[in-house]
Amino acid sequence: GKPYLDGIEILYIKDPMTQLMAFKAGEGHALTFIQPKVASELRSLGYEVRPVVSAIRAFCPDDRHDPVLANKKVREAIDYAINKKAIADTLGYGFWEPLYQFSPSKSYGYNPGLKVRSYNPERAKQLLAEAGYPNGFKMKAIIATQYANRDAKVAIMNDLDKVGIKLELDYADPGRWTQLRNEGWDKGLLYGLFGASDSYAYQMYEQFVSHGKRYINTTRLSGWD
């Protein structure tokens, strides 16, 4: 018959190591939102791991108020400078996919024919020079602690440093990050979390509609709605 339950108890444990130890000790039957390295280790120990396309992670630029990021060539240079595939391969343990468009490859909205900007630091330097920043510049990235794989952020920081962009990492607690996402941030980048919806059109509408309440420092294109 049906597996009737007396109830479901959800335990919130802030520290990842304490969370993992509690799970291994049998204090819970399932563990969610774990880093790829932990998932790989648990799988090697015989635990069943069920990966899902859970979210897209991307930097949103304050191109409304930041004159540097308002330059399209600068934004493209940042994209060329980050070795997304190497980061995904090294730190993703087979669970991460490097994205070159706003849709995962297994999603309904994925476009396999779209031209991509693959890792190319020389092209990044060329674009920075064309944009008027041959020696690079300094920039801040605000990252929510609950979404942060710090090793990945350090790798991104090192990639940008190679083309002259000095990135300062500002880790924000969930409350502060949510406020900045909804009310705006002061220049630089905001590390965003986007649901991986199967409807590409809905995903784009939800995040970037003109009257939207999220990532409001990122420009909405004319006619977007």
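The side chains of K125 and E122 meet in a salt bridge, with 3.8 Å from N to O; a salt bridge here is a side-chain nitrogen of Lys or Arg within 4 Å of a carboxyl oxygen of Asp or Glu. Both residues lie in helix α5, three residues apart, about one turn of the helix. An α-helix has 3.6 residues a turn, so residues three or four places apart point the same way. K125 is partly exposed at 36% relative accessibility, and E122 is exposed at 53%. Buried stands for under 20% relative accessible area, exposed for over 50%, and partly exposed for what lies in between, with a 1.4 Å probe and protein chains only.

The model is predicted: local features need pLDDT of at least 70, side-chain atom pairs count only at pLDDT 80 or more, and totals for chains, interfaces and linings use all residues. Residues are numbered from 1 along each chain as its sequence is written, and side-chain values use heavy atoms, with hydrogens and water left out.

The structure holds eleven salt bridges. One of them joins the side chains of K73 and E130, at 3.1 Å from N to O. K73 belongs to helix α3 (residues 72-81) and E130 to helix α5 (residues 121-130), so this pair ties together parts that are 57 residues apart in sequence. K73 is partly exposed, with a relative accessibility of 34%, and E130 is also partly exposed, at 41%.

Since R117 sits in the loop between α4 and α5 and E76 in helix α3, the pair ties together parts that are 41 residues apart in sequence. R117 counts as partly exposed, at 32% relative accessible area.

The charges can also be taken over the whole chain. The mean positions of its 30 positive and 26 negative charges are 4 Å apart. Lys and Arg count as positive and Asp and Glu as negative, while His and the chain ends are not counted; each charge is placed at NZ of Lys, CZ of Arg, CG of Asp or CD of Glu.

The secondary structure comes to eight helices and four strands. Helices (H or I, at least four residues) and strands (E, at least two) are DSSP runs, numbered from the N terminus. In order from the N terminus, the elements run α-α-β-α-α-α-β-α-β-α-β-α.

Helix α2 (residues 36-44) has P36, A39 and L42 as its buried residues. These residues cover an arc of only 125° around the axis, which puts them on the same side of α2; the arc is that of the directions from the helix axis to the C-beta atoms. The buried residues of α2 pack against α1 (16-24) and α4 (84-91). After α2 comes G46, with a positive phi near 100°.

For the chain as a whole, 36% of the 225 residues count as buried. Residues 24 or more positions apart account for 68% of the contacts with a separation of 6 or more, where contact means heavy atoms within 4.5 Å. The C-alpha atoms fill a box of roughly 65 × 40 × 35 Å, taken along the principal axes. The chain exposes about 14,300 Å², of which carbon and sulfur atoms supply 52%; accessible areas come from the Shrake-Rupley method with a 1.4 Å probe, and for residues only the protein chains shown count as cover.
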